[in-house]
Amino acid sequence: MKHNLPHSDWGEFTDAFTRSHDGWIISLYVQKPFEKREYLVHDVPFHGITTEVAGGHEVVLITTNGRSHLAHIVPDPRRMFVHESPEGVDAAISIVDGSGAETTAELRSPMPVTAVDGIAHDRR
């Protein structure tokens, strides 16, 4: 299910989303109208999302860390959505810019990368 987030809630929502999902595994892509998805990164740890004013214009910044560090700026954001699984778990966040391009961060793991690494390395 896709929920539209009111613009007035973006700052508070992105702060809470970052705290709740820091370290989760994501893939980040951009889909322009009538074009194929362009993946920017696959399966990297999520570091944060924030709404900022840069040069007098509002932008949304999505960052990742690890081997494939990325700071992706969405200029002129117009709409923000959170996608939930049928179980009500956050599955993705999307931002649509003024040109209609949609940037989406898909959550690939329901737990932080540190928890996944701990499980994967604990093979007794």
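Tutor: Asp43 has a relative accessibility of 48% and therefore counts as partly exposed, where buried means under 20% relative accessible area, exposed means over 50%, and partly exposed is what lies in between, with a 1.4 Å probe and protein chains only. The model is a predicted one, in which local features need pLDDT of at least 70 and side-chain atom pairs count only at pLDDT 80 or more, while totals for chains, interfaces and linings use all residues. Residues are numbered from 1 along each chain as its sequence is written, and side-chain values use heavy atoms, with hydrogens and water left out.

Asp43 is found in strand β3, helices (H or I, at least four residues) and strands (E, at least two) being DSSP runs numbered from the N terminus. The phi of Asp43 is near 50 degrees, a positive value in a residue other than glycine. Most residues other than glycine have a negative phi. Phe34 also has a positive phi, of about 65 degrees, although it is not a glycine. Phe34 is placed in the loop between β2 and β3, and with a relative accessible area of 89% it is exposed.

Asp43 also belongs to a network of salt bridges that links Arg37, Asp43, Glu106 and Arg108, a salt bridge being a side-chain nitrogen of Lys or Arg within 4 Å of a carboxyl oxygen of Asp or Glu.

The structure holds 5 salt bridges, and one of them joins the side chains of Glu102 and Lys2, at 3.9 Å from N to O. That pair links distant parts of the chain, since Glu102 is in strand β8 (residues 102-107) and Lys2 in strand β1 (residues 2-5), 100 residues apart. Both ends are partly exposed, Glu102 at 21% relative accessibility and Lys2 at 44%.

To place these pairs in the whole chain, the secondary structure comes to 2 helices and 8 strands, and from the N terminus on the elements run β-α-β-β-β-β-β-β-β-α. Of the 124 residues in the protein, 39% are buried. Among contacts (heavy atoms within 4.5 Å) between residues at least 6 apart in sequence, 45% join residues at least 24 apart. The accessible surface comes to about 7,400 Å², of which 52% belongs to carbon and sulfur atoms, the areas being computed by the Shrake-Rupley method with a 1.4 Å probe, and for residues only the protein chains shown count as cover.
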